[in-house]
Amino acid sequence: MNNIIVFFFTFLLLISLSIIHRGIAFSQPIINQNSISLGKVNGDVINNQYISITKVLSHTTLLSVRQSDLNTEVKSLIVNNAVLNKSNNGDIPFVITQPTVKGDINIEVALELWLDGRRVNINGDQIGNSIRLIIPKKFNWLELKLLNPLKINIPLYYRGDLNFLLDIEGVET
């Protein structure tokens, strides 16, 4: 089988981010909720089981919010349903897994934190099936950005849409 495969695949990226404190959402953060269609893509076949696709998003800012718009001071962020990968670069790489009947789809994501227009190092730790990201200092303006292109590993015989949710909550502690 050819190492590079071309197939038609529609990738629907639904990123729904919310910062919630005790069930009360803050007022109107800027959230990237755009659907992204990959259309015709190239992928590498890995171990004759998965197709690996790399996708660069045109808009890398996933979340942008001002502290003044929040009901409380946010001191950490919780990324639900994610597994933390180790990093020494001050970013947060993690994997989101979407089970299907043909096998698991894995999406590798690396986020960086920007506070008041400057990139800052961020630390995270795994808590169950969530990751806690500690915001290192007070801020007026917070942004979460994709650091690297998304790396998507899809089962070789999977066809159809892919929807995944990047669920992020802001917490006071």
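**Entry 1. Strand E9**

I started with the side chains of E9. Ser76, Ile78 and Asn80 point one way from the strand, Leu77 and Val79 point the other way, and all are buried. I note here that the model is a predicted one.

How enclosed is E9? I counted five of its five residues as buried, so the strand is largely enclosed by the rest of the structure.

Next I looked up its partners. E9 covers residues 76–80 and pairs with E19 in the antiparallel sense, over four bridges. With strand E15, residues 130–134, E9 also pairs in the antiparallel sense, here over five bridges.

I then followed Leu77 across to its partners. In E19 its bridge partner is Gly170. In E15, Leu77 stands opposite Leu133.

**Entry 2. Ser76**

Ser76 sits in strand E9. Is it buried or exposed? Its relative accessible area is 1%; the cut-off for buried is under 20%, so Ser76 counts as buried.

Its bridge partner in E19 is Val171. I listed its contacts, leaving aside neighbours within four places in sequence. Ser76 touches Arg132, Leu133, Ile134 and Ile135, and also Glu169, Gly170, Val171 and Thr173.

**Entry 3. The sheet around E9**

Which strands make up this sheet, and in what order? I read four strands in an open sheet, ordered E14-E15-E9-E19, with antiparallel pairing. Strand E14 (123–127) and strand E19 (168–171) stand at the edges. Each has a single partner strand, so one side of each is left without a neighbour in the sheet.

**Entry 4. The nonpolar core**

I turned to the largest nonpolar core. The core has 40 residues. Which residues have the most contacts inside it? I found Val79, Phe94, Val109, Leu111, Leu142 and Ile152. Strand E12 (residues 103–115) gives the largest share of this core, with six residues.

I took Leu111 from that group. Leaving aside neighbours within four places in sequence, Leu111 is in contact with Leu62, Asp91, Ile92 and Phe94, as well as Leu144, Lys145, Leu146, Leu147 and Ile168.

**Entry 5. Strand E17**

I checked how covered E17 is. The strand is mostly covered, with five of its six residues buried.

Its pairing came next. Strand E7 (residues 50–55) is joined to E17 by six bridges, and the two run antiparallel. Lys55 has Leu150 as its bridge partner in E17. E12 also pairs with E17 in the antiparallel sense, over three bridges. There, Glu108 has Lys151 as its bridge partner.

Where does Tyr157 lie? I placed it in the loop between strand E17 (150–155) and strand E18 (162–164). Why do I call Tyr157 exposed? Because its relative accessible area is 60%, and the cut-off for exposed is over 50%.

I also computed its separation from Gly103.

**Entry 6. Rings**

How many aromatic pairs does the structure hold? I found zero.

I then searched for charges over rings. Arg66 lies over the face of Trp141, at 5.4 Å from the ring centre. Lys145 lies over the face of Trp114, at 4.1 Å from the ring centre. I had already noted Lys145 among the contacts of Leu111.

Key. Residues are numbered from 1 along each chain as its sequence is written. This is a predicted model: local features need pLDDT of at least 70, side-chain atom pairs count only at pLDDT 80 or more; totals for chains, interfaces and linings use all residues. Side-chain values use heavy atoms; hydrogens and water are left out. Buried means under 20% relative accessible area, exposed over 50%, partly exposed in between (1.4 Å probe, protein chains only). Two strands pair if DSSP finds at least two bridges between them. Contact means heavy atoms within 4.5 Å. Rings of Phe, Tyr and Trp (its six-membered ring) pair if their centres lie within 6.5 Å; planes under 30 degrees apart count as stacked, over 60 as edge-to-face and the rest as tilted. A charge sits over a ring if NZ of Lys or CZ of Arg is within 6 Å of the ring centre and within 35 degrees of the ring normal. A nonpolar core is a set of buried Ala, Val, Leu, Ile, Met, Phe, Trp, Tyr and Cys residues joined through side-chain atoms within 4.5 Å.
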